[in-house]
Structures are given as C-alpha cells and as structure tokens.
Amino acid sequence: MNDKSNHTRPPWAFLAFLRWFCDPRLVEDIEGDLVERFEIRTLKKGHKTATRLFIKDVFQLFRPGIIRSFSGSQSLNQFGMLQNNIKVARRQLMRNKMYSSIKIGGFAIGIAVCLLIALFIRDELSYDRHIPDHENLYLSIKEYNNVPEYGDVRAAWFSAPFAQALREDFPEVVQTARTVNGENFGAGANSIREEGNPRNNYEEGWIFADPEIIDMFRMPMIYGDSKEALKNPLSIVLTQSVSEKLFPGENPVGKTVYASDLDERPFSIGGVVADPPKNSTLQFRVLVTLSGKEFWEGEQTFWGAQNYLVFTRIREDANLANLNSRLKEIGTKYILPLEKENGNPNAEEEVDNINFFLKPLTDIHLHAADIYIPLAKSDIEYVYIFGAIALFILGLACINFINLSTAKSANRAKEVGLRKTIGSYKSNLINQFLTESIIYSLISFALAVLLAGLILPYFNALAGKSIVLPWDTFWFIPILLVTSILIGVIAGVYPAFYLSSFRPAAVLKGTLSIGAKGSKLRNVLVVVQFTASIILIIGTFVVYQQMSFILNRQTGFDKDQVVMLEGTNQMGDQLESFKNELLNIPSVENVAIGDYLPVTGTLRNGNTWWNDGKTKEDPGFPGQNWRVDYSYIETLGMNIIEGRNFSKELRTDSAAMIINQAMARELGIADNPIGKRITNRSSNRFVYTVIGVVEDFNYDLMTEPVRPLAMRLGRSSSITSVKVNAENISATMAEIEELWMKMAPNQPFMYKFMDQQFAQMYASVQQVRDILTAFAILAVIIACLGLFGLSVFMVEQRNKEISVRLVLGAKSSQIVGMLSFNFMKPILLALLLAIPVAWYMMKEWLSDFEYQIDLGAGVFVFAGLAAIAIAMITISFQSVQAAFSNPVKGLRNE
C-alpha cells in the first residue's frame, strides 16, 4: 500500500492548482520536490505548519518561467498587459484621491464589519465542537404536551434515577453523567479554603457531577486520573485556575480543602482539569462528586423531584430517531406506576403527554431557546440577524463603489474612446477596470484587517467574547485573498461593462451624454443604501426603547438600593446577630435573609401544586416554592393585596403560605384566597394555609408571563438582602464591610446590587442592542460616504449651470435647495420602503416579550427625520460651497 493518510498528504486543492498552471515539462519534478519537502516538514514541524508552508511555496512558483503557455492569442506568461493595467489603476487612484479614499474607506469599513461578524458567527457555531466524539454527545430533554395555559413545555430537568434507566433499558446508550447546580444544595456556598489556612477564597461555579463527567467531556487532566478523580465520596476536582490560586505550582491531588468554612465537611482533591473553554456549554470552577451523595433520604431513587441535567453518550451506529421514539417507555415503566400508587386518576393521560428525547450537545447553545435549561445559551436568530447585517453593510460598500465608478464615467470616457480607436478590444478594457476594482478591494482588505484588529477588543467587550484574529490557521490568509478578489470582481463587474461599452465615435464627437447614462441606477442604489440604513436605525431605536421599558417598568418589587451580600451562610449561628447589627446602621432600612430572589443567579424550586383534597382529581400545575424570612416581602417592597404578612407572633405561620396572583388564579381561588389550604405533594404530607396574596412580580425574563409562586417561612441563608437609602451609598457600604470583617474576618466581602443583577438577566439583549447600534452607525457612515462622493460629482457636473444661475441672479438658498432636492427624492423613497419592512421585523422581535412597548408612529418619524437630517448634513457642505462659489471662475473653467 503506497497510499498515505490524509495527515501526510499536501492539500489537494493547491496541488491541483499547481498542476494546472505549471509548465508540463517542469510539473513532475516540481511536484515531487514539494511533496517530499511537505513530508519532511510534517514530521519535524507538524501537519498544520507543513500545510501552510506548502501553500506558500505553491504561490511563490506562480511566476514567469514556471507558468505554462496557453493556446490562443493570450498567454499567462505575457505580464505586460497586467503590468500596464496595474500602472493605469495606480495613476487613477492617485489622480482622484478623494474618490479613491471614499471607495477604499467604505470598502474597508464594510469588510471589517463582515470580518468581525464572521468571527462572531464562527465562535457561536463552535460551541462544544472541541470535544472529541462530540457527534455522539447529547443532553436529555423532557417535553410536556398540552400543559394548561402553557401549551407544550420543554425542560432539561430530570429525577435522579433517570440516568440509570437510560443506561439499563437502552443498549444504544453507552454512558450517562448527571450534573446539578451545586450552589442550590450548598456544595460550597461559593467559598473554599485549603487545610490549615483560615482565609476563604470566593469561587462561583460549583456543580455536583457523576464521576463519568470527566471522561464524557474528555476533560484534559492536569493532575490525577480521570477515572478515579471523582470516584470516592466527598472528592472534588478543581479547575487549573482554582488550583493555582490555592496551591500555586503544586500538585494538590490528595490534599484536603473545606467549603463554607465548616470544618466538618472536608473534601479530598481527586484531580485538576483544564479550565473549560469559553465555547463550552458546561461551565464550572469546582466539580463535586455525586458518588455516595444523597440530598435527602431516598432522593437517589425518587422519581418525583426534577433537579438533574443528564448528559448522554450513544453508540456511533445508533439510530437516534428510533431511540428517541422508544424513550417514552421510561414514563410507562417508571412514572406511571408511581402516579397510580399516589391515586392520580389522570395518571395515564398525564404520562402519555410526557415525551423524552436526546438533543445533540452541539445544538444546545443556539437551538434551545424554547427549552428550560440552566445553562448559558444564545439563539440562532441572532446569528441570522448579524449575518444579514454583515451582508447589508458589505452591500452598501459595494454600492458606493458602483455609484462612484459610474458617476466618474465622464473622466474615463475619452480614455475608453481613444483606446478603442487605436485597437483595444472590449475585453482588454473590461480587464483594465476589473484590475482596478480588485486593486481597490485588496487595499481595502488590508485596511479592513488592520481596522478589525483595532476594533476587536471593543467588539469583544460588546459581545462578551474572547475572539482573536486566527492568524495561526492555514486557511485565514488564503480566504482573505480569495474573498478580496471575489468581492473586487463583484463590485467592479457592472462598472467594467458599463464603461467599456462607450462607443468611441459618440465619445470623441461629444454627442454621448457623459455621466447621465447610469443616473437611474445610481438613484436606485442610493435608495437601497438608505433603505437598509433606515431599517437599522429603526431597529436600534426599538431595541433601546424595549430595554429601557424592561429595566424601568414596575416589576412588582423594589430592586433599587438593595445590596445582595453573598456567602452569609458562612456566619452560621451569628447570622441573626449580623442581621440585627445591620439594622443598627442608620442608612439601612431593612434586611432579609434568603436565597430565593427575583433576579438571575439565585435559587429556584419548582413543585407541582393542588388545592388540598384535590390531588386525586386534578392534574396539578407547576409553580415555584420559595423559602423566605419574616422581613422578605417588606425589604423587597412587594405589595400584599389581600391578607397579611408573616408574623413572628403566630406559631401557625410555620405552615402558612403567601402566594402570588398567578397562583391564586391557577388554583381557582382568586376571589377568596385567604384561609384556603394548598399542597405540593400528591401524598398530602405537606399542607399549607394561604394567609396572603402578593401582587404579581417578575422573577423570570419578561419574555415569559408571571408564573405561579408560593412563599413560606424557611431557612436559605447564602444571600442577605440589605435595603439602604440612596443618600450616601459608598459610606453605607463601608460601614457594612466594617461590620462584615468584624464578624467574619476570614470570609471575603462579596456583594452585588440587585438592580444590576436584574439588568444582567437581559445581558444578551443588551449585547444585541449595543452591537446593533455600532453596526447601524457604521452603515450610516458608509451610506454618507457614498452620498458625499455623489454630491461632489453632481456639483462638478452642474458647475456651469450653477454659475449661469448665479450670474442671472439666483439666490444662494435657491441653489442649495435645487441641489439638495435631487438627493431628497431617493432618500424619501427609501424611507417609504424601509418603514413597513422595519415595522414587520420589529413586531416579530417584540413578539418574544410578554411585556413590550407599543410600536407607535413616533419611532418611525424620529428615524425618518434622523435619516433626512444626516443626508442633508452630508450633502450640505458641497451644496453650500457651490452656492457661494465665484460664478466667473466656474464659467472661465468651462
């Protein structure tokens, strides 16, 4: 066997290119030398470096003496014509510096935007594809059909025994691994310290996980064995960054660490893994083993609690569609008997409405917007939106090139006529103009790459990314070169054919209407430019208004001047004393202890709810079950519309509930809720009495309606919320920190402001808003560059007419009005076209929000006026200059 593997072969495309252009008498020897050199480089420097150098060698051989001669009148070895074309292009560039600058500047901005968006899209599409064998990795999803008021609901929460059922009942399943947010169960409450060191380190990102998680995700081990790292109870795995913080330069495997400052909970370090890359769906800082872990008695075999994510690896030859169709058997085998045992009369119907399926892990980031998953994810719609914007902006830049090239046809007409008269073919002229276009494009690409490199840090800050220009990849430079040539041809093809089509007799006699032939096309392209720009302007205004509406509307609770102190559970028995000391600070108005808060990053606890005594008759409905303290509702400024708050004076309040309006409606007790008894367990072990109803408040994204929620007295002490007055926030925070260091000297003082956490819930939308704003500004700049160039051309073309009008007594204002009106017509038409398109697009975008602004006429009027004002400012400079010019000078030049 002489065949080599793909990793020892040079890239076939460039090898074929070599065989195409190389002289047949030389190709065999040259190819042999290059392939031999490639193989040696592969062994010494690796496949990527060898490939990059092979491509470089091929391009270096594309020169006279190596290139073959082709039949016909043309030859690739005859570079004289090409050199002449390049020389003429350089002269044109230098002769028309302003037009050249506008062409190149517009091109460079458009290409830089496209490059940034292309890198953004590449990053978005790369999630989890770094994992070897990612094609066989899946996340388990549950679908509830026909849920009252919600329709079909999809979620990734599962009970503890679900993973075992997958492995045992379906031979296609090779491996499963469960994870659960460790902070929900106090895995570390965000702090960790090494043995013998009293000082704690604050760390977020604790998750419980099965030992198989390391092997499933092929996590690179820095220290330890992947199969043993989480095998033993109370073992943990640190990421490399956490390990370096605690044990710099050491192998920490086997050492003991403590979480939550509780000496009775030591963890043994089983290993250290590399930090997960940013394009990984599973993000963590500390892994805590689920081996031997039971959160309450019987939890690991209980099908009624849904707290786990279940990752699954299946066989390569498995039929996914067939497997998904059979997963429904889990409900029949395990859930149905449990429901019947609990006396649910609708058990069969409810279980029949539950479906299970496996979703590819690589689809979770972009294709799971409709699934409740406690993982950071985006939406494929944003990829489509940004891709469309990139094409829009690149199109605007190409339109500038076409418009200015055809507008300047007067300067090239005599050149075309003379060259045709002395024997130039139309094809020669087309090649000339295409060469100019490609040169403009190559210069623009060089500037665009430089511009993209300068903008990239700011773009990363806007998009929340860590994108870099991929200079280390072999494909980046070739793609830039090929794309620059392609765009140069696309942008130059119409001007090339347009200019080369002039008839020499008409040009030389002066009977050709120079510059006017393409005026209709230029107006159409100006309309297209400003239509796209106005759509972006309207979109930006709408997104800004919607975000302002969300962040400032009445949410049903007071998020302003509320400080969330984190890690307060580490104070143990001193927490109540800490609360009382906080209340002694004059600027502190109230204090509440509780981890269930209406902002991101806090606890949630979903249950199924019934009216007491109806568990065997009604199907129940999902709702939240939050543990709060006596001052919770007052601290967060919630409004009790019926009943009362919890009272320390009434011992019966230990079994009391305060519910929101949504739960009262769902229970059917909205008219008279006080005193009603409700339960969240079908066995009726937990029965609560409703003592109050709070006004609905938004505790989830405003893309969703307010869901049912119940609050009861209970302990959840990792976060303490402090309501302060706004007079001197910095002084108040200093007093709080002083008290903290007095009562918890070994704990880091960590806090967040609730309004900032609330805004963080909409970080992705705000990122879209900021990026859209930046792109809209760039689109307007590109459109204005083209408009400015056309206005200069128009003044040049009408110079004699303007001078005559001035001599005959025309006022300067009349001249300005005459010149401006010609440009206002296409811009007004663009406005009429943009408004319905923008209205439809933004209406569709707003439909994702349960609470949204009214899309009134104001935003369209404002956008239209802004577009007109921008256009007027752009063209006014040339119009005013022409209106106040000396008419004698204009007539003398003619």
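Predicted model: local features only at pLDDT ≥ 70, side-chain atom pairs only at ≥ 80, totals over all residues.
User: How many of the residues count as buried, and what makes a residue buried?

Analyst: A residue is called buried when its relative accessible area is under 20%. Of the 894 residues in the chain, 50% count as buried.

User: Why is Phe497 called partly exposed?

Analyst: Its relative accessibility is 43%. Buried requires under 20% and exposed requires over 50%; Phe497 therefore counts as partly exposed. This residue is found in helix H15.

User: What makes the nonpolar surface patch, and which helix gives the most to it?

Analyst: The patch covers about 760 Å² and is made by Leu442, Trp471, Ile477, Leu481, Ile485, Val489, Val493, Tyr494 and Phe497. Helix H15, spanning residues 476–500, gives the most, with seven residues. Patch residues need over 30% relative accessible area, and Phe497 has 43%.

User: Why is Glu36 called partly exposed, and where is Glu36 found?

Analyst: Glu36 has 48% relative accessibility. Exposed means over 50% and buried under 20%, so Glu36 counts as partly exposed. Glu36 is found in helix H2, residues 24–45.

User: Which residues gather in the patch of negative charge, and what makes them negative?

Analyst: Glu28, Asp29, Asp33 and Glu36 gather there, on the surface. Asp and Glu count as negative.

Conventions:
Residues numbered from 1 in each chain as written. Heavy atoms only, no water. Patch = residues over 30% accessible without salt bridge, like charges linked within 9 Å, V, L, I, M, F, W, Y side chains within 5 Å. Areas by Shrake-Rupley, 256 points an atom, 1.4 Å probe, with all protein chains shown as cover. Salt bridge = Lys/Arg side-chain N within 4 Å of Asp/Glu carboxyl O. Helix = DSSP H or I, 4+ residues; strand = E, 2+ residues; numbered from the N terminus. Buried < 20%, exposed > 50% of the residue type's maximum accessible area, 1.4 Å probe, protein only. Charge placed at Lys NZ, Arg CZ, Asp CG, Glu CD.
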